[in-house]
Amino acid sequence: MLGRNAGCFIEKVYSLYHISPKNSNELRECAASLEQQLLTTGKIFTIRWIASSERTLRAVWNNFEALYKHFSYASTGTRRDSKERAKYEGLKNILTSEKSVYNLGILYDSLIELSDLSKQLQKRDMTLPVAHRTIQRSIRVLESMANIITRSQKSRDFEVLSPENWPENIDIQYGDKNIHRLSQLFQIDQVSAVRGFREYKENKILNSDIKPLLTIINSIAISLSECERTLSSMNLIVSPIRSTLTSNHISSLIFIHCVGPPLDNFNPKPFFESWIRKGKRSATESICLKRNKKNLNKESHSYYPIWQCLDT
């Protein structure tokens, strides 16, 4: 159903500009006014011609602004009759609807993956075992895309926690289902979370029942940048000279390097006192083990002739 709706829309766009040179010229003028390079819109073919379909989707995605401008111009201009203006108005509504843009993006991402799979399978040295592994890998990628699509519901669940997303005349049960899903996802008490959310909607003040859910959501990492910073810190700390550091020492040093306070805000006194209480030596300790060096005669040292050459 997803591909059929997008395919019907692209077929209309293709026939609109492929048959009429007038429409093609107007579209090129709209693209030129936007300083945009126009790509040729083709047709959506069967799975055997997946690469051509991918190029068609890429053209529609690239020409989005020019198409919107031309649809708006044609729907309000006086050169066309009311029937044609209504047709362009409908195409503009389809193009700008959230569902259509969402479906078009999903189909485009899927066709990119399928197009790459098609090119891989066209290699002359492709064997059956390698082809099987390649197809299975693409299937896993598409399944991962499907999981990402289903996770969009979670993003809508997060939105109900922000007061700026609430409607003006908010219902008492607004967002209760979303809070139920989030509480089940993060394994917290659903009843208390919903009760706290209802109080939050009435008073606009955070309470102890809704705070655990907000704390969990605010603690979710939105990217891998923090992990990359940690790995960079580890590469700086674990040098060849420090190859004997244990895992606990490395973990502590990385923690200090990544989340430790600056020196201006660091109070070393508690750590110094705990170090001394453990029986460690302080930096000013005068009675400690020292290396015993033998008092050798300089003249008997093997390097004494070289030292004499350096003195002259």
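This is a predicted model: local features need pLDDT of at least 70, side-chain atom pairs count only at pLDDT 80 or more; totals for chains, interfaces and linings use all residues.

Residues are numbered from 1 along each chain as its sequence is written, and side-chain values use heavy atoms, with hydrogens and water left out.

**Stop 1: helices 2 and 4**

Select residues 21-33 (helix 2) and residues 64-76 (helix 4), whose axes come within 9 Å and cross at roughly 120 degrees. Helix 2 is therefore oblique to helix 4. Oblique covers the angles left over once those under 35 degrees (roughly parallel), over 145 (roughly antiparallel) and 65 to 115 (roughly perpendicular) are set aside. The axes are lines fitted to C-alpha atoms, for helices over the stretch in contact, and the angles run from 0 to 180 degrees between N-to-C directions. Helices themselves are DSSP runs (H or I, at least four residues), numbered from the N terminus. The crossing of helix 2 and helix 4 is right-handed, a term used when the near helix is turned clockwise from the far one by less than a right angle.

**Stop 2: a nonpolar patch**

Next, select L121, I135 and I139, which form a nonpolar surface patch with about 200 Å² of accessible area together. Patch members have over 30% relative accessible area and no salt bridge, and nonpolar side chains (Val, Leu, Ile, Met, Phe, Trp, Tyr) are joined within 5 Å. Accessible areas come from the Shrake-Rupley method with a 1.4 Å probe, and for residues only the protein chains shown count as cover. L121 belongs to helix 6, residues 98-121. L121 counts as partly exposed because its relative accessibility is 35%; buried means under 20% relative accessible area, exposed over 50%, and partly exposed in between.

**Stop 3: A146 and S110**

Select A146, in helix 7 (residues 128-150). A146 is partly exposed, at 36% relative accessibility. Its C-alpha atom is separated by 9.9 Å from that of S110, which is 36 residues apart from A146 along the chain.

**Stop 4: salt bridges**

How many salt bridges does the model contain? The count comes to four, where a salt bridge is a side-chain nitrogen of Lys or Arg within 4 Å of a carboxyl oxygen of Asp or Glu. Select R198 and D176, whose side chains meet in one of them at 2.7 Å, N to O. R198 lies in helix 10 (residues 190-203) and D176 in helix 9 (residues 176-186), so the pair ties together parts 22 residues apart in sequence. R198 is partly exposed at 34%, whereas D176 is buried at 7%.

K201 is buried, at 7% relative accessibility.

Then select D209 and R195, which meet in a salt bridge at 3.5 Å, N to O. D209 lies in the loop between helix 10 and helix 11 (211-218) and R195 in helix 10, so parts 14 residues apart in sequence are tied together.

**Stop 5: positive phi**

Finally, select Q187, which has a positive phi of about 60 degrees although it is not a glycine. Q187 sits in the loop between helix 9 and helix 10 and is exposed at 72% relative accessibility. K204, another non-glycine residue, has a positive phi near 60 degrees. K204 lies in the loop between helix 10 and helix 11 and is exposed, with a relative accessible area of 52%.

Note on methods:
Patches are made of residues with over 30% relative accessible area and no salt bridge: like charges are joined within 9 Å, nonpolar side chains (Val, Leu, Ile, Met, Phe, Trp, Tyr) within 5 Å. Helices (H or I, at least four residues) and strands (E, at least two) are DSSP runs, numbered from the N terminus. Buried means under 20% relative accessible area, exposed over 50%, partly exposed in between (1.4 Å probe, protein chains only).
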